[in-house]
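Let's take a walk through this model together, one part at a time. Please keep the sequence and the 3D view open as you read.

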Amino acid sequence: MNLTAIDWVIMFLYFAFVLGIGIFLKRFMKTSTDFFLAGRSLPAWVCGIAFMAANLGAVEVIGMGASGAKYGIATSHFYWIGAIPAMVFVGLFMMPFYYGSRARSVPEFLRLRFDEKTRAFNAISFAVMTIFSSGISMYAMAKLIQILHILDLPVAKMGLPVSWSFHLSIFISALIVLGYVFLGGLTSAIYNEVLQFFLIVAGFLPLVLIGLKDVGGWSGLKTRLPETFTHSWLGMTNPHNNPLGVEWFGLVMGLGFTLSFGYWCTNFLVVQRAMAAGSMTDARRTPLIAAVPKMFFPALVILPGMIALALPSQHQAVTVNGVVQMQSVSEDGKGLIPVKIDVATGKPALDRDGKPVLDYDLAIPNLLLHYFPTGILGLGLTALLASFMSGMAGNVTAFNTVWTYDIYQSYIHKGASDKHYLHMGQFATIFGVLFSIAAAYAANRFNNLMDFLQLVFAFVNAPLFATFLLGMFWKRTTGHGAFAGLLSGTAVAALHHGLTLPQGDSIGIKGGWIAVLHNYPSEMAQNFWTAIWAFVVCFVVTVAISLVTKPRDEKELVGLVYSLTKKPSEEHLTWYQRPAFLGVVVLVLALVLNVIFR
Amino acid sequence: MSLDIRYPIGWMFSLFGVILVLFGLFGDKQIYARSLGININFDAGVGLLVFGLVMLLLAWRGSAKLKAGSHTATKA
């Protein structure tokens, strides 16, 4: 059976719509505010969906499916503990400062609240991070297209060697993302994120429904998987009794507090979506609206991974030259999840105990190929591509804004006309995409380099939330305090990583490169504790240095610190329209989900 | 912004829906062996079409309201 014309038609139609939106929006891009902040005029539901979808990149869809197959329903902690509370917090308590201060970016907020050096540190590390993230997203997509042989047939028809499907995927995806962001700026990126969100739901919902029907519903799935896979809180009192290898305290404090608040509350990639809203109330509603689909997303991304694991079939569908064939997975594979093949040797990869390593990343793609006939297969693959592109575009728009406002306008060329910065933003989109392509090829060449960089970013991000928390809620916090706190938090994160090692890993990129003082039961536990340590040290150092440095005049801090800022007026809203009410509803729903799947 | 995103969403999903419904009706039925015998193209197509049409309806209502609003505004 072929990946037939109908699949390609769906895919091309999608590309046409995506670019069409960019072309249509081009005429409205008159000022830099239009381009970088969508004119601060979008409705809350659009921003809310984009807030969620900007984070819905490759890591999310493929990674969460993989984790579902690896750890089961406990993966949903990344949503119910690791996202929802933070999204409610940023909406209710932090958005008044982000939106109200009229800062155009998160680094700019840091300059208003603290000082130039704190902003520079955040802006530069963030800009570099976005480039690599979008490069990694692009790389993951190209790799997947190669493994599934999606482009083999067209590449062969063009008379090119098969290996070109990798180059072609990178080139096409980069061109499309560049096209629509260059033309329509943030508005275009946000609109496409909304489109992508619905497409992902449309592609994955039928997959989950048919998969569930096959395994006999949730109860059928329960009988086919180990008990810990269908209970998210089972065995959480001891890290050795649950698949995540974490105990509840590390989970709640590490993931639920420091990591998740650090991401959702300080990462400009998501905060930018809320800043595009048309009013303060809409900006505050944005993360709260986003939280609703967010909490049900485990059903679309984690469940397929679990179904792929539960299926008895020892076969996987593979498209060779555009023809879907059933290939037998080697004995050691589980369900639809094959054994990982070592690229260098062409043999199954083995872990330290000599057991074969499973390629969990293929859980969702294999499930798509397993159930979907041509037609809807095109829709499913397009949904997958859409998720990769939305992840990429989110990074590119965050990059061009931070580059233009926080690096170029602040340190390279001050006081130019608004038109000048608008053009710089468009230009930054081009070289941002070019750098991302370079990063994608670097990821392909040097796998370790990427692991290393992601580690460095994790160190830089770990303490961030402490800085924002103190900055927004303690007026005594000073710029020197914040900067010293950030540096020491980052250093402690690195130090903690260098002194600890997850069980079963070898010394090096996984930790222990200074000395092994402590062994964690899993990598996840090590990650969570790195974040906890970084947060605590950043918090303590920021407070200590702030107390011995000169505080800023309170008049300068109006609109930036909680106690000195007038609460946003909500008199005109009836009680159920108020953000606080929506926040409570969201939290209760998340709690109910935790209880149901406990 | 002067583009209501519900229009492109509505058009795209309606189009996808029509394509899949037609393919489900007139295409080869043997391909549904893998999808447990369910004509998944037809079923999903109907779902997409309904969603697309609802989006278009909402967008039309939205722009009608906007027009009515600006009309009264100019009057006043």
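Is B:Arg6 buried or exposed? Keep in mind that this is a predicted model. B:Arg6 is buried, because 21 other C-beta atoms lie within 10 Å and the cut-off for a buried residue is 20 or more.

**Chain B**

B:Arg6 belongs to helix α1 of chain B, which covers residues 6–26. Leaving aside residues up to four places away in sequence, B:Arg6 touches B:Met55, B:Leu58, B:Ala59 and B:Gly62.

Stepping back to the whole of chain B, you will find two helices and zero strands. Of the 76 residues in chain B, 33% are buried. Among contacts in chain B with a separation of 6 or more, 74% are between residues 24 or more positions apart.

**Where chain B meets chain A**

The contact between the chains uses 24 residues from chain B and 33 residues from chain A. On the chain B side, α1 and α2 (40–75) each supply at least two residues. The largest share of that side comes from α1(B), with nine residues. By class, the side of chain B that touches chain A holds 19 nonpolar residues, four polar and one charged.

**The two domains of chain A**

Now for chain A, which is divided into domain 1 (5–445 + 573–596) and domain 2 (446–566). Their C-alpha centres are 24 Å apart. In the contact between them, domain 1 of chain A takes part with 36 residues and domain 2 of chain A with 30 residues. On the domain 1 side, the elements that give two or more residues are α6, α7, α8, α12 and α18 (418–445) of chain A. The most comes from α12(A), with 11 residues. The side of domain 1 of chain A that touches domain 2 has 20 nonpolar, 11 polar and five charged residues.

| Chain B, touching chain A | 19 residues | four residues | one residue |

**Helix α7 of chain A**

Why is helix α7 (residues 106–113) of chain A largely enclosed by the rest of the structure? Seven of the eight residues of this helix are buried, so the helix is largely enclosed. The buried residues are A:Val106, A:Pro107, A:Glu108, A:Phe109, A:Leu110, A:Arg111 and A:Arg113. They pack against several helices of chain A, namely α6 (84–100), α8 (116–147), α12 (248–266), α13 (268–275), α17 (376–412) and α20 (464–473).

**The nonpolar core**

Finally, which residues have the most contacts inside the largest nonpolar core? They are A:Val177, A:Ile190 and A:Val194, in a core of 222 residues. Helix α10 (residues 164–215) of chain A gives the most to this core, with 25 residues. The core draws at least three residues from each of domain 1 and domain 2 of chain A. To see some of the packing for yourself, select A:Val177, which touches A:Met389, A:Met392, A:Ala393, A:Val396 and A:Val433, again not counting residues up to four places away in sequence.

Key
Residues are numbered from 1 along each chain as its sequence is written. Chains are lettered from A and ligands numbered from 1 in the order in which they are written. This is a predicted model: local features need pLDDT of at least 70, side-chain atom pairs count only at pLDDT 80 or more; totals for chains, interfaces and linings use all residues. Helices (H or I, at least four residues) and strands (E, at least two) are DSSP runs, numbered from the N terminus. A residue is buried if 20 or more other C-beta atoms lie within 10 Å of its own, exposed if 12 or fewer, and partly exposed in between; C-beta atoms are placed from the backbone. Two residues are in contact if their C-beta atoms, placed from the backbone, lie within 7 Å. Ala, Val, Leu, Ile, Met, Phe, Trp, Tyr, Cys and Pro count as nonpolar, Asp, Glu, Lys and Arg as charged, and the others, Gly among them, as polar. Domain bounds come from an automatic or database domain assignment. A nonpolar core is a set of buried Ala, Val, Leu, Ile, Met, Phe, Trp, Tyr and Cys residues joined through C-beta atoms within 7 Å.
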